[in-house]
Amino acid sequence: MNESGTDNGALVHVDGVGKVFHRGSEDIHVLTDLHLQVPAGEFLALMGPSGSGKTTLLNLIGGLDRPTEGSVTIAGESVHQLSDRRLAGWRARHIGFVFQLYNLMPTLTTERNVELPLLLTHLSKSERKKHVAAALAMVGLSHRAGHYPRTLSGGEQQRAGIARGIVTDPTLLLCDEPTGDLDRKAGDEILKLLHALNREHGKTIIMVTHDPHAPARAARTVYLNKGQLSSEPLA
Amino acid sequence: MKYLHLVWSNLKRKKLRTSLTLLSILVAFILFGFLSAIQQALVGGVAMAGADRLIVRHKVSIIQMLPESYKARMERIPGVSLVAHQTWFGGIYQDPKKFFMQNPVVPEEFLSMFPELVLPTEQKQAWLATRTGAIVGRTTAERFHWKTGDRVPIQSSIWAQENGSRNWEFDIVGIYDGKKKGTDTTPLFFRYDYFDEARGRWGKGQVGWFTIRVADPARAAEVAKLVDQEFENSSAETKTEPEGAFVQAWASQLGNIVLIVAAILGAVFFTILLVAGNTMAQAVRERTGELGVLKAIGFTNGQVLALVLVESCLLTVLGGVLGLGLAWVMISRGDPTSGLLPMFFFPTRDLLVGLGISIALGLVTGIFPALQAMRLQVADALRGT
């Protein structure tokens with residue numbers, strides 16, 4: 001069974017997508033004939049057991065990987081058909097990523113980490129600084145701008161990761177288990193922050209998560225199991 | 001430039017490893033500087049040699065003497081425009097370790113033959129007027145704090161005076177400079193007439209070697225042949241060769257300097273290649289995940305390749321510039337052998353070559369890790385974190 005959102009005006013179109021990984025002589029079918037549509041401005045939680053293909057689907061939507069079959073279209077762009085070089089440029093313009101383990105550069109301060117995606121734009125140094133300050137303010141981390149990641153708590157590092165994800169004002173924010181490495185309190189704060197970004201700033205968010213509290217914050221939750229999507233969790 | 005802090009921060013990641021690699025590169029380039037200076041000192045004279053000058057020496061060996069009377073016969077050979085002679089004096093001033101060359105010459109013809117030695121006119125006049133007069137190069141004058149008017153005693157290991165004494169005294173009447181960098185300004189030259197008259201019976205009327213200026217450098221080989229033919233079957237046959245070849249042969253007594261230097265530097269830089277290459281390979285391997293993040297947020301494969309290459313070049317160029325700079329400072333303090341290497345300096349050409357080597361080293365050591373980084377699949381790299 002496949003889960004589809006509203007077809008009209010959807011930002012994300014995943015049509016008949018399949019993904020096969022080859023391990024030696026073995027073919028592993030991770031996703032099969034999968035359909036998903038995400039309207040602009042939606043906060044979608046993607047849940048499912050480990051190994052169900054959640055991260056693979058997120059990678060396909062974010063242009064980090066290519067489907068074996070089917071198509072991925074984001075804001076009218078057929079992502080799966082872009083060359084590596086154009087895909088990189090497309091990611092820089094349209095996608096913000098938030099990772100489970102924050103993936104901040106340990107040798108850069110918080111503001112330098114947040115600035116990274118802006119280095120790929122034509123913004124001047126002062127303009128970049130303004131954007132970074134705004135993103136840090138949005139996640140409540142202005143006071144930690146000059147600190148290195150190792151001096152930040154897990155929650156703060158994830159806030160910095162989110163600031164890096166939104167600093168270019170991307171079309172789509174993709175979060176891969178953003179609360180997966182945090183305690184309950186810090187995890188709730190991150191969910192609250194993502195919720196606020198969606199509600200107050202209209203960010204379209206797709207979040208892969210195991211967090212049982214996530215559906216309460218997301219506008220819609222879909223479940224992935226054995227390469228198939230459903231609107232209900234498996235019993 | 002906006003990526004420079006990113007590159008620099010990566011180098012600071014493992015400070016000890018970067019410092020040790022930097023230090024090894026720095027030491028290699030100091031060695032490069034010193035070997036360049038030694039090579040310059042030993043074979044640099046070849047480049048400084050006049051294209052229109054020939055050296056005539058005894059066919060058997062440079063230490064065999066030639067009759068001074070050959071000069072007049074050489075002057076009659078077609079194509080010869082000037083002849084001057086010199087003789088090895090082998091003197092010691094105070095301490096045998098304080099070596100510098102001293103040769104008796106005929107002032108007018110000598111100064112005409114070597115216009116690269118710049119001597120003020122009044123000092124030249126003083127030399128012509130003073131039989132015991134000597135001119136000394138700026139380097140030696142400063143080394144021994146000599147000035148015009150000083151009387152300096154020099155003991156010859158070869159030449160005794162008629163009274164048996166080996167102690168000679170000369171009046172410093174001039175201090176000369178070199179027209180070009182690299183001109184040897186260590187020798188002392190004194191008058192041949194004073195020398196020939198004062199020396200004992202042995203060697204009287206004999207000189208060490210002649211320098212010939214040819215009217216047309218294109219005919220130098222032909223003139224050299226004529227000179228040797230002139231003295232064929234005499235008691236002192238000659239061997240005539242271009243000044244450059246003469247200097248080269250002199251330096252070659254120590255072996256093929258250029259080859260020796262190249263071999264040492266080859267071994268050193270090959271080692272550095274392995275050290276810096278290993279550093280870069282480790283640096284890239286350690287941050288596979290971070291490279292994946294860079295690609296995820298939109299850095300292209302080319303940009304990632306460039307970042308790693310710039311990092312590698314920054315490391316080697318930094319080490320190279322520091323090493324070359326330190327070598328330049330140390331070499332500028334002068335000949336460390338107390339006079340054995342009078343033309344000991346770090347040529348600008350070699351400094352630029354060193355800089356080029358440091359960039360090439362960065363590119364070679366960085367290219368494989370950079371290609372590895374470039375080929376990383378984003379999803380795989382992120383999974384690896």
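Reader: Which residues is Thr56(A) in contact with, leaving aside its neighbours within four places in sequence?

Author: Thr56(A) contacts Lys19(A), Phe21(A), Val30(A) and Leu31(A), with neighbours within four places in sequence left aside. Contact here means heavy atoms within 4.5 Å.

Reader: And where is Thr56(A) placed, and is it buried or exposed?

Author: Thr56(A) is in helix 1 of chain A, residues 54-61. Thr56(A) is buried, at a relative accessible area of 11%. Buried means under 20% relative accessible area, exposed over 50%, and partly exposed in between (1.4 Å probe, protein chains only). Helices (H or I, at least four residues) and strands (E, at least two) are DSSP runs, numbered from the N terminus.

Reader: Before we go on, what should I know about the numbering and the model?

Author: This is a predicted model, where local features need pLDDT of at least 70 and side-chain atom pairs count only at pLDDT 80 or more, while totals for chains, interfaces and linings use all residues. Residues are numbered from 1 along each chain as its sequence is written, chains are lettered from A and ligands numbered from 1 in the order in which they are written, and side-chain values use heavy atoms, with hydrogens and water left out.

Reader: Ok, staying in chain A: what does the side chain of His13(A) have a polar atom 3.5 Å from?

Author: That would be the backbone oxygen of Ala10(A), which lies 3.5 Å from a polar atom of the His13(A) side chain. A polar contact is a pair of N or O atoms within 3.5 Å; within protein, one must be able to donate a hydrogen and the other to accept it, and residues adjacent in sequence count only if both atoms are side-chain atoms. His13(A) sits in strand 1 of chain A, residues 10-23, and is buried at 18% relative accessible area.

Reader: What about Met138(A), which residues does it contact?

Author: Leaving aside neighbours within four places in sequence, Met138(A) contacts Ile166(A), Leu193(A), Leu197(A) and His201(A). Met138(A) lies in helix 4 of chain A, residues 125-138, and is partly exposed, with a relative accessible area of 34%.

Reader: Switching to backbone angles. What is phi of Asn103(A), and what about Gln94(B)?

Author: Asn103(A) has phi near 50 degrees, a positive value in a residue other than glycine. Gln94(B) is not a glycine either, and its phi is positive at about 65 degrees.

Reader: Where are they, and are they buried or exposed?

Author: Asn103(A) is in the loop between strand 6 (95-98) and helix 3 (110-115) of chain A, and counts as buried at 12% relative accessibility. Gln94(B) is in the loop between strand 4 (91-92) and strand 5 (102-105) of chain B, and is exposed at 60% relative accessible area.

Reader: Now chain B. How many residues of helix 11 are buried?

Author: Eight of the nine residues of helix 11 of chain B (residues 288-296) are buried, so to say mostly covered. Leu294(B) lies in that helix and is buried at 5% relative accessible area.

Reader: What does Leu294(B) touch?

Author: Leu294(B) touches Met105(A), Leu116(A), Phe299(B) and Leu307(B), not counting residues up to four places away in sequence. After helix 11 of chain B comes Gly298(B), with a positive phi near 125 degrees.

Reader: And Ser156(B), what does its side chain reach?

Author: The Ser156(B) side chain reaches the backbone nitrogen of Ile158(B) at 3.1 Å. Ser156(B) is in strand 8 of chain B, residues 151-156, and is buried at 2% relative accessible area.

Reader: Last one: at what angle do helix 10 and helix 13 of chain B pack?

Author: Helix 10 (residues 257-286) and helix 13 (residues 348-375) of chain B pack at about 35 degrees, with axes 9 Å apart. Axes are lines fitted to C-alpha atoms, for helices over the stretch in contact, and angles run from 0 to 180 degrees between N-to-C directions.
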